[in-house]
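Dear colleague,

I am handing over the structure below.

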Amino acid sequence: MTAKINCFIPFQDKAQVIDTVKGLRENELVAKIYLMSSNVADADVEGCEAIEIDALNSSATIKKIAERSDAEYSLLYTKYTTLELGYFALERLVNIAADSNASMLYADHYQIADGKKSAAPVIDYQFGSLRDDFNFGSVLFFKAEALKCGASRMKQDYKAAGLYDLRLKVAQKGEILHVNEYLYSEVENDTRKSGEKIFDYVDPKNRGVQIEMEQACTEHLKEIGGYLEPKFKHIEFSENNFEFEASVIIPVFNRVRTIRDAIKSVLCQEANFKFNLIVIDNHSTDGTTDAIKEFAGDDRLIHLIPERRDLGIGGCWNAGVHHPKCGKFAVQLDSDDVYSGPDTLQKIVNAFYEQNCAMVVGTYMMTNFNMEMIAPGIIDHKEWTPENGRNNALRINGLGAPRAFYTPVLKAIKVPNTSYGEDYALGLRFSREYQIGRIYDVLYNCRRWEDNSDASLDIVKMNNHNLYKDRIRTWELQARVALKK
């Protein structure tokens, strides 16, 4: 069988690569093996050639890989741990690449963590899969021609966003194909729970990386016709008459431990306007209903139990927003959480008028159940800028909190009847036409505890969540591209 694959492996030390190299050298399809290292003198392994790199994901590294991609295919491994290929895995990748003519392939695989082997399926890539942390696994299999073409069209010199930039460029010209077969095993060192990983991208120490990722994504959107300039519809807030200026909306199901705190944090708000609280009690069975009834003496509280039993969080929001007592602005509060002070509602409403926006995103602090700050601390989502937030929103995986909406627009758009990603869908849809207002004061204490919906997800649920968010991005991106036609 003719050698068809050049392999590119990150090098840390010989012990780390020796088994990976041995497995690759035994396969007749492998033409050359390159070890990528910041110190090529150490990367002296028989049968391999060393490449000096500055960083694994830099633009310079991608260009060096492209220069050496003189076989039909290029395999890039992205972990500093041992790679164990499955039985005839390379043969399978070559055959599927030839049959599909895909530009890049990636596959389901196994992960070995703490000595245990578990399945690690990944999700399909789609038009809206713009997250820079999209999980391809650690083996990227390129048609060399597509890799070289993508690298030749890279315009910027990134330290961290080079591989992301390459992937976007490759996707513009060809297909990125998910092979839903288990083709290899990788050693996984990041064993944190899902709830501990989801805030990595807003960690302040990653800010420089995020700026690069935003730049690469914005360039991609401009190239495919999905970029929106910072021009927004003006809102005349005086056009609609509402009895209440604002309504806080709390959907709740079985949160007897936290619902009282949430309600109290709303009822203690001090504002120069009339507001109320609409609690949509989604048929709780743990005593939550009785806990809400304890506040029945306050006429600002509307305790709504829907007749329907098919409502997710989004459906509960629709029930609250379409209630005749809903105010001009609908303001979010999760049943786990609390406002940080009595002026939160006033600040949010002020922002609508001051920034002429249809949606406001605040800043929150991560806390434990006792509302003591925990890592990563304050989450301010500074990627939501007036200049580029509506474009960058397609890359990031969250919106920030608390969120608030101009009710007439929210009634027209309506909330997806889901219990995950419904807020993200709204943020994308609102930002297509309207300005998103920002408040950088901490308005909200976000409790992390064992009953949070994303505290610890298994791989299937996490994939379902990510697949749905990518689908939301795809629909929104398709709509934005259509605006230009």
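**Cysteines**

The structure holds 0 disulfides, a disulfide being a pair of cysteine sulfur atoms within 2.5 Å. This is a predicted model, so local features need pLDDT of at least 70 and side-chain atom pairs count only at pLDDT 80 or more, while totals for chains, interfaces and linings use all residues. Residues are numbered from 1 along each chain as its sequence is written, and side-chain values use heavy atoms, with hydrogens and water left out.

Cys-48 is buried, at a relative accessible area of 19%; buried means under 20% relative accessible area, exposed over 50%, and partly exposed in between (1.4 Å probe, protein chains only). For Cys-149, the closest cysteine sulfur is that of Cys-217, 19 Å away, again too far for a bond. Cys-149 counts as partly exposed, with 33% relative accessibility.

**Helix H7**

Helices (H or I, at least four residues) and strands (E, at least two) are DSSP runs, numbered from the N terminus. Helix H7 covers residues 207-224, and at 1.5 Å a residue its 18 residues should span 26 Å; the end C-alpha atoms are 26 Å apart, which agrees. The expected span is 1.5 Å times one less than the number of residues. Just after H7, Gly-225 has a positive phi of about 85°.

The buried residues of H7 include Gln-210, Met-213, Cys-217 and Leu-221. Their cover includes helix H5 (162-173), helix H12 (389-392) and helix H15 (459-483).

**Salt bridges**

A salt bridge is a side-chain nitrogen of Lys or Arg within 4 Å of a carboxyl oxygen of Asp or Glu. By this rule there are 30 salt bridges.

One of them pairs Lys-169 with Glu-223, with the closest N and O atoms 3.9 Å apart. This pair links distant parts of the chain, with Lys-169 in helix H5 and Glu-223 in helix H7, 54 residues apart. Lys-169 counts as buried at 1% relative accessibility, whereas Glu-223 counts as partly exposed at 31%.

Another joins Lys-231 and Glu-229, where the closest N and O atoms are 3.3 Å apart. Lys-231 is exposed, with a relative accessible area of 63%, and Glu-229 counts as partly exposed at 45% relative accessibility.

In helix H15, Arg-480 and Glu-476 are 4 residues apart and so separated by about one helical turn. Their salt bridge has its closest N and O atoms 2.8 Å apart, and both Arg-480 and Glu-476 are buried. Elsewhere, salt bridges that share partners join Lys-155, Asp-165, Lys-169, Glu-219 and Glu-223 into one network.

**Nonpolar cores**

A nonpolar core is a set of buried Ala, Val, Leu, Ile, Met, Phe, Trp, Tyr and Cys residues joined through side-chain atoms within 4.5 Å. The largest has 108 residues, and those with the most contacts inside it include Leu-166, Val-248, Ile-250 and Phe-430. Apart from this core lies another, of 33 residues, among them Val-21, Tyr-77, Ile-96 and Tyr-184.

Which residues is Ile-250 in contact with, leaving aside its neighbours within four places in sequence? Among them are Ile-259, Ala-262, Leu-277, Leu-333 and Asp-334, contact meaning heavy atoms within 4.5 Å.

Regards
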